[in-house]
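Here are a few friendly notes to read alongside the model. Take them one point at a time, with the structure open beside you.

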Amino acid sequence: MYNYVFDGSFEGLLCAVFNWFERKPGQVKLQTEATFQPDAFMPCLQIVNEREKADRVWRGLQSKLSKASLRKFYCTYLSELEEGYTALFEFACYLFAEGPAIENNYGNPYVLALSKIAKKVEREKHRMEAFIRFQHNADGIFYCGIDPDFNVLPLILTLFKNRYADQQWIIYDLKRDYGLFYDLSKVEEINIDFKQQPKTTGIANPIVSAKENLYALLWKDYFKSTNIQARKNTKLHVQHVPKRYWKYLTEKQFEQDQPEF
Amino acid sequence: MSERLREKLNILADAAKYDVSCSSSGGNRKNDNKGLGDSHASGICHTYTEDGRCVSLLKILLTNHCIFDCAYCVSRKSNDITRAAFTVEEVVELTMNFYRRNYIEGLFLSSGIFKNADFTMERLLRVVKKLRLEERFNGYIHLKTIPGASEELIREAGMYADRMSINLEMPTESGLKLLAPEKTHQQVTQPLGFIKNQIVQFKEERKIIKSTPKFVSAGQSTQMVIGATPETDKEIMQTAALFYKDFSLKRVYYSGYIPISYDNRLPMIGSQPPLIRENRLYQTDWLMRFYGFHVNELLNDANPHLDIDIDPKLSWALRNLQHFPVDINVAAYKVILRIPGIGVTSAKKIVQARKFGKLRIDQLKKIGVAYNRAKYFIKCADSPYQLKDYQGSQIKSFIQAESQSKYLKYDTSQLILF
Ligand code: SF4
């Protein structure tokens, strides 16, 4: 058995698949540089990234997989999970060996793993789309900082771009330290130097626009008023909005003092 | 100024909350004018109330002043409550600013009837027109159709709204007579029918002239209040089935009555809202819409009420054991859909996966089948050989013992009210 070590990039992963078909080394264990522990008894191969090879594998996947499966493939990559990388590698090898028919063979552990991990990533994407709360800052930009479990920014980009076409916004992934900035015409990737600015998730930035506090307060009021006390069901509530997401939510922030207007 | 706005919002959101429809899906208004919002991909629940209901729209009344006196409604004329009314501008500002912060998918605007139906409808129309034309708002708008409003106003409103709804309120005419003598079902069916025909007509025109505007593209819905009047589940669901068919409704909502009045025609204040019953009705609704069940299979003269302790699919299966066990390796998709413990997603996966070989128990579990429930109704590659046939009642008790029915700990007595 071989250790395949790649750099964690999408290109690297695809090159690992290419390499396996070139050399046919039998069973391999795929690992990222970040987590790789050298093992004296197992030979190790460092995957070299080559754009052209990666492209060939990607084109191969595109021609053999349905749109839905390609999306699962990409989502699983964005999970950044070790077992996700393994599943992708094994899935791709299985696909190229057996042909397109296997894409829905849920009896196969890797096909199933892809489906399951992709589902988790899609759920996190969905939660971010739902739970992001923009705060209107004094500079006119609508801002929100997030720290999602998976790298979902590439997945939520389109939705926000389509919706908020007439306002500038930033969504910043604090965990992965990069963000998206929309400047009224295009979305760009940005890095913010937080030494200048406080690092906050969701809300609670002090430099807000004049009306920001009013609308945040009105939203909290609304959240309270729309509740029906006689139907209270905290268990269901927490199931839908797990506590770890509350920090994002304007309606879940309770100050000691009511702001003045 | 902001204090008054807060007060209005509190009153008018509170008064609107008994309308349970929250859906914001089905819209197809794309943001192609560089405005704000896109109802094309809407349907997101941005938060959940503490009672676990989805919040996706800013749901408010334009006013809670009302000339009518419907006994089941908090805004009824004779109720001693604080009244308020938003201006058109206030509703527009709230909607825009909430939307900009990603709080909501759009607006759900309803109203008490002040002066008369047309006067009210005209105000609602002004709000949606301002949002669409002046603010270039492309988010989701759900607008109430005011019973008795003129067809011209309804037609114009339909060009700006994604969804329109008008509530049936009571599942039967006699129930409505009892609680709202001024109202009839006909006042509801007439605009429903009008809008339905307009939807069809606009669609036809769009086929020929591309620029024909959209008209209520997310369709219509209605709501029935459950448990305020003594209808059986059978009557409720037959009404629902009829309305789905006659008016091509997108959704029927069932709202367990929350006691808000000392009127002796109604359940007392403090009595529990019939939440489990409401849940069972929704399950039945899903079985009708997505699982291919006919309402009469689930509810009929022999079974006019849904079981409270088990869901309607299991209860149907137990009454119809002659259809089981189903061999999941050969049965048609629609037959598999009817097996308790197998949902739409698992059924689809089964049909895909079995092409690669006969499925075994462990694979079914991994696919997502609730095997402990399904096992009484299926055969697969390695099903254990069963010596005796169980009775429906035995299967029911096995399943309940396993799932320790989470529902039984609730008080079920509320259902025997009538
Ligand atoms: S007409 Fe509508 S708002 Fe007025 S009392 Fe009846 S249900 Fe309530």
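1. How many residue pairs are in polar contact across the interface of chain B and chain A? The rule finds 24, with both residues at pLDDT 80 or more. A polar contact is a pair of N or O atoms within 3.5 Å; within protein, one must be able to donate a hydrogen and the other to accept it, and residues adjacent in sequence count only if both atoms are side-chain atoms.

2. Before going on, please note that this is a predicted model, where local features need pLDDT of at least 70, side-chain atom pairs count only at pLDDT 80 or more, and totals for chains, interfaces and linings use all residues. Residues are numbered from 1 along each chain as its sequence is written, chains are lettered from A and ligands numbered from 1 in the order in which they are written, and side-chain values use heavy atoms, with hydrogens and water left out.

3. Now look at the two chains together. Chain B brings 55 residues to the contact and chain A brings 57, where contact means heavy atoms within 4.5 Å. Between them they bury about 5,200 Å², with 55% of it on carbon and sulfur atoms; this is the accessible area (1.4 Å probe) lost on putting the two parts together, summed over both. Of the area that chain B buries against chain A, B:Glu50, B:Arg101 and B:Tyr103 supply 15%, more than any other three residues.

4. The chains also share four salt bridges, each a side-chain nitrogen of Lys or Arg within 4 Å of a carboxyl oxygen of Asp or Glu. In the one between A:Arg163 and B:Glu105, the closest N and O atoms are 2.6 Å apart.

5. The structure holds two cavities of 30 Å³ or more; a cavity is a set of points on a 1 Å grid over the protein atoms alone where a 1.4 Å probe fits but cannot get out, and its lining residues have an atom within 4 Å of a point. Volume is the space filled by probe spheres set on the points, which are joined across faces, edges and corners.

6. The largest cavity has a volume of about 90 Å³. Its lining draws on both chains, with A:Tyr222, A:Thr226, B:Ser21 and B:Phe108 among the residues.

7. The second largest cavity holds about 50 Å³. Residues that line this cavity include A:Phe91, A:Glu103 and A:Tyr106.

Terms used:
On a 1 Å grid over the protein atoms alone, a cavity is a set of points where a 1.4 Å probe fits but cannot get out, and a pocket is an open set with protein on both sides within 12 Å along at least five of seven lines; lining residues have an atom within 4 Å of a point.
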